[in-house]
Amino acid sequence: MGVSVMVCVKQVMDARVPLQILEGKNLVLQNEPQPVYIMNPADRCALEEAMSLKQRFGAEVVAITAGPSRAEEVLRICLARGADRGVHILCPQEMAPDAWSTALLLSEEIKKQRYDLVMCGDKSLDDGGGQVGPALAELLDLPQVTRVVALEVQVEHKRLIAQRLLERGDREAIECPLPALITVTASANKPRYVSVHRCLLVRNGLVDRCAPPPPGVVAERLCQLSSISWPRPRPRKIPTPGRDMPAAERMTFLMFGGQTKKEGGIFEGSAEAAADLVVEFLEERGFL
Amino acid sequence: MEPLRPTFWNIPPVLQYGVYLFTFLTLIVFLYGTYRRIRLWRLGSEGLEFHHVVERLRRLFLYALVQLRLFKECRAGVMHICVFGASIVLFIGTALATLDYDVTLPLMDIRLLRGVVYLAYEIILDMAGLIFVVGISIALYQRHIQRLPRLNGDWKFGFTLTLLLAINITGFIVEGLRLAATQPTWANWSPVGQAVAATFRTLGSSERTMRDLHLVTWLLHGGSALLLVAFIPYINLLHMITSSLNIFFSSLRPKGALPFVRDLDRVVSIGVGEITQFSVSELLSLDACTQCGRCQVVCPAWQAGQPLSPQKVVLDLRDHLSMVNRGTSVQGAYQKVGQQKIRSDIHLVGQVIRPESIWSCTTCYACADACPVLINPMTLIVRMRRYQVEQADIPTSAKRSLEDTLCLGSPWGQPRSERTAWIGDLPVRVLQSGEEADLLYWVGDTSAFDIEAQAIPRAMVQVLRLAGIDFGILGVAEQSDGEASRRLGEEGLFQQIARQNVELLSNYRFKAILTHCPHIYNTFKNEYPEIGGQFRILHHSRFLLDLIQQGVLRPTRPLGERVTYHDPCYLGRYNEVYAEPRRLLHSLPELKLVEMERSRDDALCCGAGGGLAWVDISNGQRINYLRFEEVENAEVRTVATACPLCKMMLCDALGYKQLEHKVRVKDIAELVLETRPERVS
C-alpha cells in the first residue's frame with residue numbers, strides 16, 4: 001500500500017572538461033584522457049526529491065535509465081543515494097535514441113511497474129531538449145507538471161501540489177491528482193554527498209537489466225540531427241535610448257539591450273482549446 | 001639505643017585498628033571508582049593492543065617516568081617531577097612502614113626500619129616531603145596566582161592541590177610534635193621534622209599539649225590522606241592511573257598515518273557517530289586528560305579565534321562518556337542523571353561537539369605533539385569526520401571538493417587535460433605507460449592548478465635538468481594522491497584513489513618517486529603501504545640538499561637576502577624533517593637564515609591542511625594571516641617554504657596585507673634556481 005516512485009535518470013558527459021565536435025559525424029567528445037560521465041544534475045535533484053518522499057512516507061524509489069552498459073554506473077549512484085531498485089534498459093551506443101524513442105522505451109518498462117509518481121529531470125545537460133518528461137507523460141497518459149522546484153505530496157488525498165518555475169523568478173503552484181509525472185529543475189534542491197563507502201555497500205544491489213525491444217518495434221526517430229556547432233553569440237539590436245529617459249533606465253537599456261515587452265498572457269480554458277490557440281499562434285507567425 | 005621506627009607512637013589501639021579498617025574502606029571505594037571508569041572504557045568498539053611491548057615500555061619510560069614532554073615548559077616539568085617523584089618515594093615509604101610493622105614483625109619477628117636503614121629512610125622521606133611541598137606550591141602558584149592562560153583556574157583544582165599540601169604539612173607537624181615530645185638522639189636525620197619540633201619547643205608547649213595536638217593532627221593527616229586516595233578515581237587525580245595506561249596503549253602507527261579501515265566493502269559503518277564507536281584505547285585517552293591546556297594553546301584554529309579547542313573536544317567527549325552507563329545492552333542504554341536520561345546512542349557531532357569545531361581542524365598535529373600523556377585529539381576529530389561524511393553532513397565546499405576528486409581526479413575541479421598547463425614551454429619528459437626513468441617526479445594537484453604553486457615544479461624541472469637527472473612526470477595520467485580526501489573523512493575515496501594510483505604506478509619503472517609536496521610525501525611514505533603500495537619516496541628538500549652537498553650542482557649567484565623558513569606541518573611535526581631544508585638554505589651563498597618566533601615542532605600551521613584548503617572558515621581569523629604576522633616580525637626579504645599549499649597560503653596572506661613590494665614567498669626549489677646552479681662535471 002506504500003507510495004511508489006519511479007525516477008528517470010540519464011548519464012551524461014561532464015561538461016566541465018574540454019569538449020570537441022567531430023563535424024562530419026555530428027558527435028561531441030570529451031578531450032580528456034579518461035571520459036567523465038555524471039548523473040544529469042536535474043535528475044540528481046529529482047532523485048533527491050524522491051528521497052525526501054522516501055523519508056516522509058517510506059516510499060519505494062525505483063530508478064530507471066535507458067542507455068549503454070556504462071549507464072549502469074548511474075543506477076549504482078542512485079542506489080547509493082538510497083533508491084531501492086534500479087532498472088536498466090540496455091541501449092547500445094549506435095541506437096542513439098532521440099527524445100521520443102527514449103520516452104517510448106521508458107514507458108514500455110514503466111508500464112510494467114506499479115507507481116504513484118514518475119519523476120524526471122526537466123532537461124538534460126547534453127541535449128537540453130526537455131522533451132522526454134512531457135513525452136513520457138503523454139505515453140503513460142499521466143497529468144504532468146514541469147519545471148518543479150518544490151513538491152508537496154498528500155498521500156491521503158492522492159494529490160500533489162507542485163511549485164513550478166516561471167520566467168524571471170516567478171512561481172506558480174499547481175495541484176495535480178496522483179498518479180502523475182513531474183519534471184524537476186536543477187535548482188530544486190541541493191543533492192546530498194554520497195560517500196564512496198556507501199557506493200561500495202550497494203555495489204551488489206538490485207539492478208534489473210532489460211534489453212530494449214528489437215529494432216523495428218520501436219518507432220523511428222522523429223528527429224534527425226542535422227549539425228552541431230559551437231555557440232555563436234547573437235548580435236543584439238540596441239536602439240539609442242531617448243533623452244527623456246532617466247539615467248538609470250538609459251543605462252539598463254544600453255547594458256541589457258532594451259526592455260522587452262512580452263505579448264500575450266495566460267490562457268484559461270480547456271486543454272483542447274489551448275492547443276487550438278497554440279496552433280493558430282504558430283501558423284500566424286509562419287512556424288507551421 | 002638503636003634507631004627504630006616508632007610506629008603508632010601516641011596512638012591508642014582503637015585508632016590503630018581504625019587505620020586498617022579505614023584503609024580497607026578506602027581501598028574498596030578506590031577500586032570501585034576505578035572499576036566504574038574501566039567499565040566505561042570497555043564500551044568501546046575495538047579492544048586494546050598489547051603487541052610491541054618493548055616499544056610500549058620505552059614510551060612508558062620516556063613519557064610517564066622521565067616525563068619528557070612536560071619539560072617543553074621547564075617550570076611545569078620541574079613542578080611535576082617534584083610532585084610525581086616525591087609521591088612515589090613517600091608511597092614506597094608508607095609501603096615499607098606497613099611491611100615493617102605488619103608483615104616482617106609479626107611473621108618473622110624482624111624490624112626492617114632500624115639502624116642505618118631507618119636513618120636513611122628518615123632523611124629520604126623528609127627530603128621527599130619537602131620536594132613535594134615545593135612542587136605543589138609551584139602548581140598552586142601557576143594555576144591560581146599567576147593564572148597561566150592555558151590552565152583552568154577552577155576552584156576544584158585549587159581544592160585538590162591545597163588538600164595535597166595540607167596532607168604533607170600535617171605530616172611534618174605530626175613528625176615535629178613527635179620529635180619534640182620524644183627527642184630521640186637521631187632526630188637530626190629528619191631535618192624538616194626537627195625544624196617543626198624546634199618551633200614547638202620555642203613556643204614552650206607542654207608534653208601533654210604536644211601529645212594532644214599530635215593525636216589531632218595525626219587524625220587529620222591520616223583521614224585526609226585516606227580520603228584523597230579513595231577519591232582519586234573520581235577527581236582529576238584519575239590521571240595518576242590513566243596517564244600511564246594511555247601512554248602504554250598509545251597507537252604505534254606512524255604519526256602521519258590515519259587509522260585504517262579494513263574491508264571497507266564489508267564494514268557497515270565507518271567513523272564515530274556515537275561515543276561507543278570509539279575504541280577502548282580512545283575512550284581511555286579521554287580519561288587521561290590532565291587539563292593542562294597545552295593542546296589548546298598550540299592549536300592554530302584556537303589561536304585564530306576559530307571555534308575549536310582540542311582540550312574541549314576531549315573533555316566534552318569525556319563528560320558525555322561519564323553520563324553513559326551500560327544497561328542490559330549498549331543500544332538504548334540509559335542512565336538516570338537527576339531527572340534526565342542520557343542515551344549512549346546520542347549523535348556526537350551536533351549534540352556533544354559543535355560541527356564547526358571538527359571542521360576547523362587543519363590536522364597540523366600540534367595538539368598530539370604537545371600532549372604530555374600522548375592523547376591524540378586530531379584522530380578523534382578525523383574519526384568523527386568520517387561518520388559525518390557517511391551521513392552526508394559536511395560543509396558544502398568540502399562536498400564539492402570531494403565530488404570533484406571523484407569525478408575529475410583532483411579537488412580543484414579542473415579537468416585532467418589541464419594538468420600539464422604549468423609546463424608551458426619547458427622541456428619535460430612525460431612518461432608513457434611501460435617506460436622507465438631513474439626518478440618519477442610526482443607533481444601533485446596544487447602545483448598543477450594553483451598559479452603560485454606552479455612556479456615550484458617549473459623551478460624543479462629546470463634544476464633537475466641542470467643536474468642531469470633522468471626523470472619523468474606522469475602528465476595527465478596523474479591524479480590526486482587522496483590525502484586531502486582522507487583528512488576530510490572520506491576514507492572510501494582515499495582507498496579507491498590510492499589503489500588506482502598503486503596500479504597506475506605499476507605500469508612504470510623507476511627507482512624512486514620525487515615530490516615537492518609534504519602531503520604527498522607523507523601519504524606515500526606512511527599511508528600507501530597499507531593499501532599495498534611500497535615506494536621509495538623522496539622530498540625535494542633532501543634531494544636538493546644532496547645535489548649540492550654531493551657536489552653535483554654548485555650555486556654560482558649569491559642571493560644576498562635575509563630569509564626565514566616556514567616549517568610545513570607534514571614535513572616537520574609529522575616526519576621530523578627540520579634539518580635538511582635548513583641545511584639546504586645554509587648551503588646557498590649569502591643567504592642569512594633567521595628563525596621565526598615559532599619554528600620546528602612549534603611552528604604554526606599555514607591553515608591549509610586537513611582538507612581545509614577547500615573549506616572556508618566559519619568564524620575567527622584566517623590562520624595564514626596569523627602566521628604571516630610572524631613572517632613580518634622576522635623582518636626578512638623572503639620566506640622560504642617547502643610545500644605548495646604553504647606557499648599558496650602565505651602568498652594569499654602576502655596579497656591581503658599588500659606587502660608584495662617588501663616580502664617574497666618562494667619555495668626552496670625556486671631559491672636554488674635563483675642561485676643559477678651549474679653542473680659540476
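Modeller: Gladly; here is the contact between the chains, followed by a look at each chain.

First, some ground rules: this is a predicted model, in which local features need pLDDT of at least 70 and side-chain atom pairs count only at pLDDT 80 or more, while totals for chains, interfaces and linings use all residues. Residues are numbered from 1 along each chain as its sequence is written, chains are lettered from A and ligands numbered from 1 in the order in which they are written, and side-chain values use heavy atoms, with hydrogens and water left out.

Let's begin with the meeting place. Here 23 residues of chain A are in contact with 25 residues of chain B, contact meaning heavy atoms within 4.5 Å. The two chains bury about 2000 Å² between them, and carbon and sulfur atoms give 58% of that area. Buried area is the accessible area (1.4 Å probe) that two parts lose on being put together, summed over both. On the chain A side, A:Tyr193, A:Val196 and A:His197 supply 37% of the area buried against chain B, more than any other three residues.

One salt bridge is counted between chain A and chain B; the term stands for a side-chain nitrogen of Lys or Arg within 4 Å of a carboxyl oxygen of Asp or Glu. A:Arg16 forms a salt bridge with B:Asp404, and their closest N and O atoms are 2.7 Å apart. Helix 5 of chain A (residues 196-201) gives the largest share of the side that touches chain B, namely five residues. Helices (H or I, at least four residues) and strands (E, at least two) are DSSP runs, numbered from the N terminus.

Behind that surface, chain A has seven helices and 13 strands, and its C-alpha atoms fill a box of roughly 70 × 50 × 40 Å along the principal axes. Of its 288 residues, 41% are buried. Buried means under 20% relative accessible area, exposed over 50%, and partly exposed in between (1.4 Å probe, protein chains only).

Chain B has 27 helices and twelve strands, with a C-alpha trace spanning about 100 × 60 × 50 Å along its principal axes. Here 56% of the 681 residues count as buried. Among contacts in chain B with a separation of 6 or more, 79% are between residues 24 or more positions apart.

The largest nonpolar core has 63 residues, and B:Tyr441, B:Phe524 and B:Leu585 have the most contacts inside it. Such a core is a set of buried Ala, Val, Leu, Ile, Met, Phe, Trp, Tyr and Cys residues joined through side-chain atoms within 4.5 Å. Leaving out residues up to four places away in sequence, B:Phe524 touches B:Trp442, B:Asp481, B:Leu505, B:Ile513, B:Pro529, B:Phe535 and B:Ile537. Another core, of 60 residues, lies apart from that one and includes B:Phe249, B:Val313, B:Tyr365 and B:Ile381.
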